[in-house]
Amino acid sequence: MGKQHPSGTSKEDFSRRSFLRSGAVAVGGAAAVGGAATLGVLGTRQGNAQDIQWHRQADVVIVGAGVSGLSAAIEAAERGVSVIAIDMNTDIGGHGIMSGGQLHLGGGNAHQKMEGVEDTPDMVFRDWVRHDHGASRYSDRDLVRVFADWNVDTYDWLLKQGVKYEPGMERSAASTVARQFRTVEWHIPSEVIAPRRNRNGSGLVRPLANSAREKGVDIIISTRMKSVIREQPLSGRVLGITAEGPNGPINIQANRGVLLCTGGHSDNVVLRRTFDPRLTEEYQVACSAYSPQSGDGETAAMNIGASLWATANQTAESGTAITKTRHIGCQWGYNSLVYEPDSPLFPKVRATGLSVEDFGDVIMVKENGLRFYDETKGGYDFFAACMSWSGDPEKLNGGGPIWAIFDRAAADRESWKTEPPYVDPNGWFFAADTLKELAGKINNPYQRRPMEGTALEQSVAKFNAAVTAGKDEEFGRTALNFKIEKPPFYAAWTTPILHDTLSGLHTDANARVVDRAGEVIPGLYCAGESMGGFAQHGLARCVIFGRVAARHASTAQA
Amino acid sequence: MSKHATVIALAFKDAPPATVDAGGAFSFSIVPAWPKGLGPEGASYVLRKGEHRLQGGALPESDKDDGSIALTLRAPDETGEHRLTFVVTSAKQDGHEPAEGTLPFALTAVPHETSLALWDVPSPVVRNTRFEIKAGAKCSASCGLAGKVIEIRDERDTLMGSGALGATTAPGTAALVFTAIALKAPRRLGLHHWTASFTPSELKLPHSGTTSRFSFVAVAEPAHSVSVKVVHKETKAPIAGAQVRIGVYRAQTDDTGSARVRVPKGAFPLIVTRVGYKMPERNIEVAKDIRVRIAAEKLPPEDPFALWTA
């Protein structure tokens with residue numbers, strides 16, 4: 001097998017096409033450039049003075065200071081080039097900081113040796129191109145080959161950046177041997193964002209950010225990219241980015257490359273519906289409260305000609321692109337993510353949610369008050385039922401919102417406290433003395449029409465009859481142990497929640513973005529969840545392809 | 001002809017609702033444009049129907065930048081459409097006659113909705129035996145319903161029992177008054193769907209009636225006991241909190257992993273469930289007291305990738 005070593009140069013390295021023709025600069029984003037910049041102007045690139053004023057410049061400009069962006073920043077800085085990384089958020093970390101810290105690295109690294117796991121880069125490659133697994137079937141094997149070859153080196157490289165690992169290792173997803181382990185949660189709770197809830201990803205991004213700063217990387221927060229600047233609308237070299245910061249527009253020139261590490265598109269309703277038209281606005285996204293997956297990188301790149309890649313991954317019905325809510329009665333109830341009241345984000349998220357032990361304690365109804373599936377089930381058939389048409393003549397796609405309906409007895413069985421800060425009564429949780437009254441109280445931005453009280457009453461009466469008879473004729477649910485009858489009654493938001501972006505921009509094996517004609521866009525790179533072709537869940541692919549992109553950009557001709 | 005020299009121009013910022021409970025509160029907000037030299041100080045309002053004054057008082061102060069004023073008034077007690085006029089009159093000030101502004105609008109007063117909750121409904125119930133359910137009622141405007149009667153009827157609309165609502169609210173509820181209703185299970189075995197109906201009358205304000213349905217299974221007299229023991233398949237440790245279903249009979253295992261149910265003679269499906277465990281389903285034949293042991297297999301944590309079935 002052809003290999004590409006981290007310290008070497010790929011034999012498939014594309015020769016950079018000469019696009020440095022003079023001409024008008026193309027602005028490939030939605031936002032206009034200009035305005036009253038408060039920053040000084042450094043100068044303009046040859047021939048483009050009339051259109052763009054550069055306020056800052058660096059060899060490598062990175063958009064997004066999450067796992068892939070920080071990894072890229074360090075890799076570039078270690079190679080002696082200047083780096084500016086921007087992030088739209090008020091802090092670094094992206095949704096990596098909200099992560100459980102799962103790293104999927106094998107290849108025979110030291111951790112595996114300690115755990116007695118035999119592995120090789122070739123085994124990593126073979127696993128992640130498996131045809132018989134949903135997470136690997138649609139992989140771009142050129143990308144997987146690079147990933148496999150960088151596993152061992154990246155394990156050691158992260159240790160050098162100060163990242164610590166928890167003992168233990170498990171097998172998951174397409175891997176046939178144990179490769180998944182966790183970073184140690186960052187030791188300063190106020191910097192964990194969701195402390196005391198195993199947000200071990202903080203133990204990855206905080207050391208990476210510190211390492212990057214120590215190496216001279218300039219990280220600019222609260223600054224959002226608006227566009228990528230290319231010499232011509234659909235041709236030529238990428239010259240830099242326009243962005244909007246606290247002091248107004250800031251245009252940053254990139255001498256060697258722009259790296260898009262923007263974290264995927266799951267929050268971008270228009271873009272995500274490109275892949276799946278059912279995913280309308282009611283579907284919330286796991287980490288939105290901290291770091292929206294805005295699709296900024298994909299959008300800006302497509303505006304200058306970039307193409308998407310391996311889009312089948314997004315809808316392969318495998319993994320955690322869509323998940324069942326585990327914590328109900330709050331806006332964001334992702335499986336492993338709970339915000340305690342001492343989280344700095346709590347004023348925004350407003351509730352911890354009620355953690356469900358047994359979905360047999362609730363029924364679920366759509367916005368129309370009707371049941372639609374066996375509530376104790378999960379998986380993509382369940383999600384498809386959630387997203388089925390609810391009968392709203394004005395909204396044919398979507399299918400939500402979905403509400404969990406339960407009674408006082410269920411709340412007691414689950415030890416739920418049906419009050420703030422556990423629930424959010426401002427649109428995401430409702431209580432009433434009767435079911436008819438409960439339906440009338442449901443008022444949420446995504447509940448487009450009132451829920452009919454009689455419909456909800458009848459749904460519960462039918463379910464109670466199924467419990468009584470021991471048979472659910474409608475949906476075949478076998479967990480029929482408790483009726484919903486004891487007042488008060490509750491409705492808790494339980495619409496499935498989105499998470500992973502599993503498809504994105506087309507890149508080559510050096511993480512260079514490829515256009516619609518299959519040609520590399522000179523000076524433009526992508527890594528992490530905005531990159532298409534490799535749909536592995538977790539942080540490892542973000543670290544590795546951030547490094548891959550930075551290595552190439554750092555060594556590219558300026 | 002108006003006796004007032006000047007006019008206050010009134011407009012709704014938030015219009016009143018089209019329908020509201022008869023006699024119930026409704027809210028809206030107005031934006032007054034005060035004539036030169038006049039202002040909200042000392043102004044008053046009146047809600048009129050024709051020339052009849054329904055209510056009035058001092059105009060509340062605005063706490064909004066746009067000078068809008070929020071009001072909550074009481075709808076007429078009679079149901080139907082009402083054509084009303086909201087009138088604002090300024091205070092009499094030196095050198096000025098009081099100014100007046102009028103704002104007509106329509107409001108439909110509807111009967112108060114009522115709704116029911118029925119709970120503690122036992123099932124199964126041995127045929128011909130007495131049982132009791134709890135029934136509560138609620139008015140959409142939280143009117144007192146004590147003394148009003150809930151009736152229970154069977155599938156043939158035969159009155160099976162009734163109860164007058166008490167004065168206390170059900171635990172945990174805001175305003176659900178309730179009663180216990182004694183009933184008798186029918187002779188016919190099987191699933192029964194009965195209906196509770198509530199038609200409140202002689203209340204000060206009009207109320208609409210409502211119905212709600214509940215179900216139970218009438219069974220034959222039990223003859224034998226079925227003892228179910230649920231244990232971990234590997235460790236043999238008892239599993240508490242497992243839900244046991246033997247046909248229409250339900251029970252939960254205790255700390256020793258045991259549940260006991262008395263059933264009539266016959267064949268029953270036995271289904272045991274507990275989150276995180278896989279349990280074998282089986283059919284049991286009951287002709288005497290029997291014991292059944294269920295070995296529960298602990299399931300691994302859910303792997304979302306494992307759900308892919310291609």
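**Figure 1. The salt bridge between domain 1 and domain 2 of chain B.** In this predicted model, the count between domain 1 of chain B and domain 2 of chain B is one salt bridge. B:Lys204 forms a salt bridge with B:Asp77, and the closest N and O atoms of the pair are 3.6 Å apart, a separation that falls inside the 4 Å limit used for such pairs. Across the interface of these two domains of chain B, the rule also finds one residue pair in polar contact, with both residues at pLDDT 80 or more. The residues on the side of domain 1 of chain B that touches domain 2 of chain B comprise one nonpolar, two polar and three charged. Side chains of opposite charge can pair when their charged atoms come close.

**Figure 2. The contact surface of domain 1 and domain 2 of chain B.** Chain B is divided into domain 1, covering residues 9–110, domain 2, covering 114–219, and domain 3, covering 224–298. Between domain 1 of chain B and domain 2 of chain B the C-alpha centres lie 42 Å apart, and six residues of domain 1 of chain B are in contact with five residues of domain 2 of chain B. The two domains of chain B bury about 400 Å² between them, with 53% of that area on carbon and sulfur atoms. On the domain 1 side of chain B, B:Asp21, B:Ala22 and B:Asp77 supply 67% of the area buried against domain 2 of chain B, which is more than any other three residues supply. B:Asp77, one of these three residues, is also the partner of B:Lys204 in the salt bridge.

**Figure 3. The interface between chain A and chain B.** For the complex as a whole, the predictor gives an ipTM of 0.86 and a pTM of 0.89. In the model, 37 residues of chain A are in contact with 41 residues of chain B, and the two chains bury about 3,100 Å² between them, 55% of it on carbon and sulfur atoms. Within chain A, the residues that lose the most area to chain B are A:Asp433, A:Thr468 and A:Asn481, which together account for 19% of what that side buries.

**Figure 4. Polar and charged pairs between chain A and chain B.** The count between chain A and chain B is two salt bridges; in one of the salt bridges, B:Lys138 is paired with A:Glu437, with the closest N and O atoms 2.5 Å apart. Between chain A and chain B there are also 14 residue pairs in polar contact, both residues of each pair being at pLDDT 80 or more. Helix 11 (435–441) and helix 12 (453–469) of chain A each supply at least two residues of the side of chain A that touches chain B, and the largest share of that side, seven residues, comes from helix 12 of chain A. By class, the side of chain A that touches chain B has twelve nonpolar, 13 polar and twelve charged residues.

**Figure 5. A salt bridge between two loops of chain A.** Over all chains, the count comes to 38 salt bridges, among them the pair formed by the side chains of A:Glu282 and A:Lys395, with an N to O distance of 3.0 Å. A:Glu282 lies in the loop between helix 6 (269–275) and helix 7 (296–303) of chain A, whereas A:Lys395 lies in the loop between helix 9 (379–386) and strand 15 (402–407) of chain A, so the pair ties together parts that are 113 residues apart in sequence.

Figure 6. The peptide bond from A:Gly400 to A:Pro401 is cis, with omega near 0°, and A:Pro401 is found in the loop between helix 9 and strand 15 of chain A. A cis peptide bond also joins A:Pro487 and A:Pro488, where omega is about 0°; A:Pro488 lies in the loop between helix 12 and strand 17 (489–493) of chain A. In chain B, phi of B:Asp157 is near 70°, a positive value in a residue other than glycine, and B:Asp157 is placed in the loop between strand 12 (149–153) and strand 13 (159–164) of chain B. Most residues other than glycine have a negative phi, and most peptide bonds are trans.

**Figure 7. Predictor confidence along chain A and chain B.** The mean pLDDT of chain B is 92, and 95% of its residues reach 70 or more, while chain A averages a pLDDT of 91, with 91% of the residues scoring at least 70. Over residues 6–50 of chain A, pLDDT stays under 50, and for these residues the model has 103 contacts beyond four places in sequence.

Conventions:
Residues are numbered from 1 along each chain as its sequence is written. Chains are lettered from A and ligands numbered from 1 in the order in which they are written. Side-chain values use heavy atoms; hydrogens and water are left out. Domain bounds come from an automatic or database domain assignment. Contact means heavy atoms within 4.5 Å. Buried area is the accessible area (1.4 Å probe) that two parts lose on being put together, summed over both. A polar contact is a pair of N or O atoms within 3.5 Å; within protein, one must be able to donate a hydrogen and the other to accept it, and residues adjacent in sequence count only if both atoms are side-chain atoms. Ala, Val, Leu, Ile, Met, Phe, Trp, Tyr, Cys and Pro count as nonpolar, Asp, Glu, Lys and Arg as charged, and the others, Gly among them, as polar. pLDDT is the predictor's confidence in each residue, from 0 to 100. Helices (H or I, at least four residues) and strands (E, at least two) are DSSP runs, numbered from the N terminus.
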